[in-house]
Amino acid sequence: MTDASGGTGKQSNTTNSTLSFTFTGTWISIGFRTSTNTGIAEILIDNVSQEFVDTYSRLNSTKTRIYDNLTSGSHTITVRVNGTRNPFSSANWIVVDYFDT
C-alpha cells in the first residue's frame with residue numbers, strides 16, 4: 001500500500017481478523033484509510049470495546065480517531081474487522097494507515 005503514511009499499512013476484509021499494537025502512554029491515535037470500498041471496524045483497548053468506526057467515504061482520505069485519558073502504563077489497542085459496511089460501500093475492507101502515541 002504505497003499511498004499509506006510511510007509507504008506501508010495493513011488491510012483485511014476477513015471478518016473477525018485483528019491487528020493489535022501494544023504501547024505505553026495515556027493516549028493513542030489511529031489512522032484509517034477511507035474509500036468507497038471500506039467497512040466498519042471495532043476498536044478495543046485492553047480488550048474493552050471502545051466504538052465501531054465506519055471508514056466509508058466517497059473520497060480516498062484518512063480518518064483519525066484519538067483515544068485519550070487512558071491510565072498511565074502499557075495498553076493494547078486492537079482493530080477488528082467487523083464484516084459489515086456502510087450501505088453505500090461496495091466492500092468491507094479495513095485499512096489501518098498508522099498508530100501514533
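Biologist: What does the accessible surface of the protein chain come to?
Modeller: The accessible surface is about 5600 Å², and carbon and sulfur atoms account for 46% of that area. Please keep in mind that this is a predicted model.

Biologist: What share of the residues is buried?
Modeller: Of the 101 residues in the protein chain, 43% are buried.

Biologist: And what radius of gyration does the chain have?
Modeller: The protein chain has a radius of gyration of 13 Å. A compact globule with 101 residues would have a value near 13 Å, so the two agree. Along the principal axes, the C-alpha atoms fill a box of roughly 40 × 25 × 20 Å.

Biologist: How many helices and strands are there?
Modeller: The protein chain has zero helices and eight strands. Its pattern along the sequence is accordingly written β-β-β-β-β-β-β-β.

Biologist: How many bridges join β3 to β6?
Modeller: Seven bridges join them, and the two strands run antiparallel; β3 covers residues 28-34. As one of the pairings, Ser29 has Ile66 in β6 as its bridge partner.

Biologist: What is the strand order in the sheet that holds β2?
Modeller: The order is β2-β7-β4-β5, again an open sheet of four strands with antiparallel pairing. Here β2 and β5 stand at the edges with a single partner strand each, so one side of each has no neighbour in the sheet. The twist from one strand to the next averages 20°.

Biologist: Which strands does β4 pair with in there?
Modeller: Strand β4, residues 40-45, pairs with β5, residues 48-54, over six bridges in the antiparallel sense. With β7, residues 74-81, β4 pairs over five bridges, also antiparallel. On the β7 side, Glu42 stands opposite Arg80, while on the β5 side the bridge partner of Ile45 is Val48.

Biologist: What about the turn between β4 and β5, how many residues are there?
Modeller: The hairpin has two residues between the strands, and Asp46 takes a positive phi near 55°.

Biologist: Changing topic: how much of the contact pattern joins residues at least 24 apart?
Modeller: The figure is 76%, counted among contacts between residues at least 6 apart in sequence.

Biologist: Let us look at a specific spot. Where is Ser12, and is Ser12 buried or exposed?
Modeller: Ser12 is placed in strand β1. Its relative accessible area is 18%, and buried means under 20%, so Ser12 counts as buried.

Biologist: What does Ser12 touch?
Modeller: Setting aside residues up to four places away in sequence, Ser12 touches Ser17, Val81, Asn92, Trp93 and Ile94. With Ser17 there is also a polar contact of 2.8 Å between the side chains.

Biologist: Then tell me about Ser17. Where is it found?
Modeller: Ser17 is in the loop between β1 and β2. Its relative accessible area of 21% makes Ser17 partly exposed. The Ser17 side chain also reaches the backbone oxygen of Thr14, at 2.9 Å.

Biologist: Which residues is Ser17 in contact with, apart from those within four places?
Modeller: They are Ser12, Val79, Arg80 and Val81. Ser17 and Val81 are 64 residues apart along the chain, and their C-alpha atoms are separated by 5.5 Å.

Biologist: And Asn13, where does that one sit?
Modeller: Asn13 is likewise found in the loop between β1 and β2. At 32% relative accessibility, Asn13 counts as partly exposed. Beyond residues up to four places away in sequence, Asn13 touches Val81, Asn92 and Trp93.

Biologist: How are Asn13 and Phe23 separated?
Modeller: Along the chain, Asn13 and Phe23 are ten residues apart, and the separation between their C-alpha atoms is 25 Å.

Technical notes: Residues are numbered from 1 along each chain as its sequence is written. This is a predicted model: local features need pLDDT of at least 70, side-chain atom pairs count only at pLDDT 80 or more; totals for chains, interfaces and linings use all residues. Side-chain values use heavy atoms; hydrogens and water are left out. Two strands pair if DSSP finds at least two bridges between them. The radius of gyration is taken over C-alpha atoms; the globule rule is 2.2 Å times the number of residues to the power 0.38. Buried means under 20% relative accessible area, exposed over 50%, partly exposed in between (1.4 Å probe, protein chains only). Contact means heavy atoms within 4.5 Å. Accessible areas come from the Shrake-Rupley method with a 1.4 Å probe; for residues, only the protein chains shown count as cover. A polar contact is a pair of N or O atoms within 3.5 Å; within protein, one must be able to donate a hydrogen and the other to accept it, and residues adjacent in sequence count only if both atoms are side-chain atoms. Axes are lines fitted to C-alpha atoms, for helices over the stretch in contact, and angles run from 0 to 180 degrees between N-to-C directions.
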